[in-house]
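Open the model in your viewer and keep the sequence panel beside it. This tour tells you what to select next and what you will find there.

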Amino acid sequence: MTDVPVPLDARKQEVLRAVVAGYTDTGVPVGSQILASRYLDSWSPATIRNDLATLVDVGYLIQPHTSAGRVPSDRGYRYYVNFLMQEEPVPGDVALEIAPMMERTMLSVEEVLEVAAMTLARATESVSLVSAPTGGTVRLKHVDLVALDQFRALVIAVLEGNIVRQHLVVSATELRQDTLSVTATVFNHDLPGKGPAELRALQEGATGLEKLFLEALVAVLDSVALHSDSVVVHDGVRNLLRQPEFDDVSRLQQVLDVLEEESVLRNLLSNLDLQGEIQVIIGEENGLEQLRSCSMVLTRYQAGDGAWGTVAVLGPTRMHYSHIAPRLRLVARRLGQAIERVTG
């Protein structure tokens with residue numbers, strides 16, 4: 001597929017736009033008679049047939065069978081998205097459904113991601129993908145120190161965003177719960193709001209048990225920072241079952257295999273250069289053979305303190321791009337605000 005688009009005159013642009021609209025609505029190849037009666041009633045079927053033939057010649061349309069109508073190719077969809085698509089405002093009922101879902105009281109970042117994925121899947125009737133925020137500073141909120149036996153203790157760290165992590169500490173000296181409780185009280189007075197760099201500075205001047213548990217807290221925060229973008233939540237798989245493209249069970253299974261591999265999803269999302277704008281990846285552009293029949297619409301959300309993540313919609317190339325883009329942007333904005341409320 002060439003990256004250089006073949007220019008089209010105004011009439012052929014309208015024909016391509018009409019084919020995209022017709023095929024998106026029905027999933028059935030679109031012929032000249034349908035175009036003339038439903039979309040281009042001021043033009044004759046013969047004129048439309050000539051333009052359809054030209055669009056096939058330049059690679060923007062495909063004719064599956066000799067007697068069949070036409071369907072857009074990946075290249076045709078790319079031309080449509082780049083030059084012809086006009087985003088449609090989010091309908092009031094959809095916006096009213098999104099707002100309360102994303103404004104409800106949520107206790108953790110993980111819960112926010114799950115609600116966002118569910119909300120986006122409903123709003124777009126597609127598969128949704130939401131990655132955890134990364135790029136911000138991981139900060140400590142609360143610490144509990146629990147003696148397990150004479151020489152082992154459990155560090156329970158609550159991070160901003162109500163992310164809870166545990167870390168086992170083994171001591172060369174005896175551990176007593178009353179001593180650990182005193183240390184935890186000091187930590188909870190001095191450490192909330194501090195990130196890994198600040199804890200390292202304190203660790204250098206500490207001794208004894210305080211140094212031991214500061215080392216454990218630094219390890220916890222470093223681990224969370226390293227893997228903060230490894231979580232990808234998805235929802236709406238059932239929406240694929242409503243699409244005729246996935247009547248073929250083997251094609252559906254290929255997509256499901258990708259969705260079940262979090263590392264594949266993470267790599268797919270992390271390799272994209274998103275700058276807060278909507279990006280559309282069509283068919284073979286995503287580089288995964290399993291998603292050859294799919295498109296992805298993506299954008300980035302911001303969540304304060306330099307934190308950001310990715311939200312995306314996955315569906316057949318025959319998706320309502322003009323509907324999905326503004327809904328994705330709205331959910332992304334609400335998602336960033338919800339994470340800021342949880343972590344603030």
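**Before you start**

This is a predicted model, so local features need pLDDT of at least 70 and side-chain atom pairs count only at pLDDT 80 or more, while totals for chains, interfaces and linings use all residues. Residues are numbered from 1 along each chain as its sequence is written, and side-chain values use heavy atoms, with hydrogens and water left out.

**Stop 1: the aromatic pairs**

Begin with the rings. How many aromatic pairs does a search of the whole structure find? It finds three. Rings of Phe, Tyr and Trp (its six-membered ring) pair if their centres lie within 6.5 Å; planes under 30 degrees apart count as stacked, over 60 as edge-to-face and the rest as tilted.

Select tyrosine 60 and tyrosine 79. Their pair is tilted, with 5.0 Å centre to centre and 40 degrees between the planes. The pair links distant parts of the chain, 19 residues apart: tyrosine 60 is in the loop between α3 (45–57) and β1 (61–62), and tyrosine 79 is in helix α4 (residues 74–84). Helices (H or I, at least four residues) and strands (E, at least two) are DSSP runs, numbered from the N terminus.

Tyrosine 60 counts as buried, at 1% relative accessibility. Tyrosine 79 counts as buried too, at 6%. Buried means under 20% relative accessible area, exposed over 50%, partly exposed in between (1.4 Å probe, protein chains only).

Now select tyrosine 77 and tyrosine 321. Their ring centres are 5.8 Å apart and the planes are at 55 degrees, so this pair is tilted. Tyrosine 77 lies in helix α4 and tyrosine 321 in helix α12 (residues 321–343), so the pair ties together parts that are 244 residues apart in sequence. Tyrosine 77 is buried at 1% relative accessibility, and tyrosine 321 is buried at 2%.

Ring pairs link Tyr60, Tyr79 and Phe83 into a cluster.

**Stop 2: charges over rings**

Select arginine 300 and tryptophan 308. The charged end of arginine 300 sits over the ring of tryptophan 308, 3.7 Å from its centre. Here a charge sits over a ring if NZ of Lys or CZ of Arg is within 6 Å of the ring centre and within 35 degrees of the ring normal. Next, select arginine 318: its charged end sits over the ring of tyrosine 23, 5.9 Å from the centre.

**Stop 3: the five-strand sheet**

Colour the strands β7, β3, β10, β9 and β8. Five strands form an open sheet in the order β7-β3-β10-β9-β8, with antiparallel pairing. Two strands pair if DSSP finds at least two bridges between them. Which strands stand at the edges? They are β7 and β8 (279–282), each with a single partner strand, so one side of each is left without a neighbour in the sheet.

Zoom in on β3. Five of its five residues are buried. Val127, Leu129 and Ser131 point one way, and Ser128 and Val130 point the other way. Four bridges join β3 to β10, where valine 130 has valine 311 as its bridge partner. Four bridges also join β3 to β7. There, leucine 129 stands opposite histidine 234.

Move to β8. Four bridges join β8 to β9, and isoleucine 281 has methionine 296 in β9 as its bridge partner.

**Stop 4: helix α11**

Select α11 (residues 262–270). Its buried residues are Leu265, Leu268 and Leu269. Seen down the axis of α11, the buried residues fall within an arc of 90 degrees, so they line one face of the helix. The arc is that of the directions from the helix axis to the C-beta atoms.

**Stop 5: the three-strand sheet**

Finish at β4, β5 and β6. They form an open sheet of three strands in the order β4-β5-β6, with antiparallel pairing. β4 (140–147) and β6 (163–170) stand at the edges, each with a single partner strand, so one side of each is left without a neighbour in the sheet. Eight bridges join strand β5 (residues 152–159) to β6. Isoleucine 156 has glutamine 166 in β6 as its bridge partner.

Last, select valine 169, which lies in strand β6. Valine 169 is buried, with a relative accessible area of 5%. Leaving aside neighbours within four places in sequence, its contacts (heavy atoms within 4.5 Å) include Phe151, Val155 and Leu212.
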